[in-house]
Protein chains: 2
Amino acid sequence: MKLSFSSRLSTLRHQKQSVLCVGLDPDPDRIPTHLRPHLDLPAAVIQFCSEIISATSDLAIAYKINFAFFEALGDEGIKVMREVLGKIPDHVLTIADAKRGDIGNSASFYARSVFDDLSFDSVTVSPYMGKDSIVPFLSTEGTCAFVLARTSNPGGNDFQLLKCDDQRLFERVADQVGTWSFDTPGEGGLVVGATDIDDMTTLRERHPDMPFLIPGVGAQGGSAEDVMQAAGSGPVLVNSSRAILYASDGPDFAEKAAQAADKTRTILGS
Amino acid sequence: MKLSFSSRLSTLRHQKQSVLCVGLDPDPDRIPTHLRPHLDLPAAVIQFCSEIISATSDLAIAYKINFAFFEALGDEGIKVMREVLGKIPDHVLTIADAKRGDIGNSASFYARSVFDDLSFDSVTVSPYMGKDSIVPFLSTEGTCAFVLARTSNPGGNDFQLLKCDDQRLFERVADQVGTWSFDTPGEGGLVVGATDIDDMTTLRERHPDMPFLIPGVGAQGGSAEDVMQAAGSGPVLVNSSRAILYASDGPDFAEKAAQAADKTRTILGS
């Protein structure tokens, strides 16, 4: 039997004294320019991500791969992603940040792609289409499906805060994820933005053991201390992307990324 | 200035006396077995889709490409998709059925990929993350972003029907899409499943001019006559995937697909 995602997370957290997840969002316009004259864009993305990973993999316990930036590479996208995945040390967790959400049959194909073909440890999933769009991502032992609950972007307020019966929509989503993942081989987790600490506290009180993936620290705002207090002692990954990736746009980008990652790791504590 | 998506849709509908969209969901387990001994899977998918397109392109006014089935092909997925797109006659509309939904920055990259790189005419988008996740898909002239409103899968009832203030969630989503797309270069449309006719009628009354993409006729159930009545005279595409693609699993699959497409087109009327 494979270890659960939460168990691996917990072990890594204690070993590395870290909850840091580094988000890999390789934006062609922000990749250090010195990489480009010698390399085409796919090769520059691989080089950039490889150096970021080498410089941060003793500080981070997970890497989150943002599919948007890889799909934008066209035909080469998945191949580039696979090469980048190959640079991540085996013991570090990986998150397919793809925000999938489709009917059962299509969801099964997406799940097969992220877990079987690309061997990710976890994935982000959108809840709008309900149970049959999420359950296929809960059927692989040792993995986790992080369902969008309370997101940190401005539009996160548009629907997620709507009062539905006696709960807000994001609370209802979280409760359903808890129910649907009660007895599945994979775990259900939640994406909970760092921008509203009260909402995070509410979710953690209700779901003490559920893995939380927390974006919104760093470039998107949200204080590390408040976040860690609200996340409590349950399983948690705190993501930072741009503040680490683009700490410098010069030849020292990897060194500066490591410094930014170390600083974030320290502020977050464990 | 480019013609709007709705204008092109309207012209095609009258020319071809059809509202039919054929969904391309090439499931490796259902592709006719006689194609496989001679071809590897990516080549078989291209051959299968090409023959389906040739056999149905005078009956259909749009093709919907389901990203799940192409991404499941791994490294070759986008290349195969591009080849299949190349087989679709220029005048026929294309839908990137990718159900994207991510924060503004990532959404811009996804939008660039579907509209600029792959040259789709439209895309499906998930609303859960709100305005900044949708607006990037409304910024390309001549295109349409179909936002999930009321979906036809079983899980479509889980959140979409929740009563939020004085509306159900899917009605609220539809209203917001109307507001957000009021003055954008691209159009906002809605995905409205064929399984609840009353809900479709409600949406059409409130949004008479918005393009509707209607799945759920055929394999997923829903009567053609009721659907067309509920959709009224506004812009509409009615999708059928499996009932056409897999009308036969023998060497006559394209011929049977054409017969199934013609039957569906006729029942739907125009």
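## About the model

This is a predicted model, in which local features need pLDDT of at least 70, side-chain atom pairs count only at pLDDT 80 or more, and totals for chains, interfaces and linings use all residues. Residues are numbered from 1 along each chain as its sequence is written, while chains are lettered from A and ligands numbered from 1 in the order in which they are written.

## Where the chains meet

Let's start with the interface: 47 residues of chain B are in contact with 47 residues of chain A (C-beta atoms, placed from the backbone, within 7 Å). Several elements of chain B each supply at least two residues to its side of the contact, among them helix 4 (77–87) and helix 8 (169–180). Helices (H or I, at least four residues) and strands (E, at least two) are DSSP runs, numbered from the N terminus. Helix 5 of chain B gives the largest share, seven residues.

## Strand 3 of chain A

Now to strand 3 (residues 93–100) of chain A, where eight of eight residues are buried (20 or more other C-beta atoms within 10 Å of a residue's own, all placed from the backbone). Leu93(A), Ile95(A), Asp97(A) and Lys99(A) point one way, and Thr94(A), Ala96(A), Ala98(A) and Arg100(A) the other.

Arg100(A) has Val125(A) as its bridge partner in strand 4 of chain A.

Terms used:
Contact = placed C-beta atoms within 7 Å. Buried ≥ 20, exposed ≤ 12 C-beta atoms within 10 Å, placed from the backbone. Pairing = 2+ DSSP bridges.
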